[in-house]
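Reader: Got a model here that I'd like to talk through. Can we take a look at it together?

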Amino acid sequence: MRAGAVAAGTTLMMLLMSSPALALIRDDGDDPGTGLSVIDTIGLYVVAPIALFVIIAGLVMLLDKSKKQA
């Protein structure tokens, strides 16, 4: 209980002390480029991880050498 309270308090303090308003100030030489479209974002953060999971799970199942008991 105490560890959870300490972790929550530390996280809350870090969130309060970090100022997202500072992200609005551009640095010298900053060149962020173009943003991602909705399709690009969904593909990158939803489809790609699911595809990687399916590929890895498939390889594990195919390359499993253990004998199944009948």
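Reader: What does the secondary structure of the protein come to?
Author: First, this is a predicted model, where local features need pLDDT of at least 70, side-chain atom pairs count only at pLDDT 80 or more, and totals for chains, interfaces and linings use all residues. Residues are numbered from 1 along each chain as its sequence is written, and side-chain values use heavy atoms, with hydrogens and water left out. Helices (H or I, at least four residues) and strands (E, at least two) are DSSP runs, numbered from the N terminus. On that basis the tally is two helices and zero strands.

Reader: How far apart are the end C-alpha atoms of α2?
Author: The expected span is 1.5 Å times one less than the number of residues. For the 25 residues of α2 that should give 36 Å, and the model agrees, with its end C-alpha atoms at 35 Å.

Reader: Is threonine 41 buried, exposed or partly exposed?
Author: Threonine 41 sits in helix α2 (residues 38–62). Buried means under 20% relative accessible area, exposed over 50%, and partly exposed in between (1.4 Å probe, protein chains only). Its relative accessible area is 30%, so threonine 41 is partly exposed.

Reader: How many buried residues does α1 have?
Author: Across the protein, buried residues make up 0% of the 70 residues. Helix α1 is hardly covered, and the count among its 16 residues is zero.
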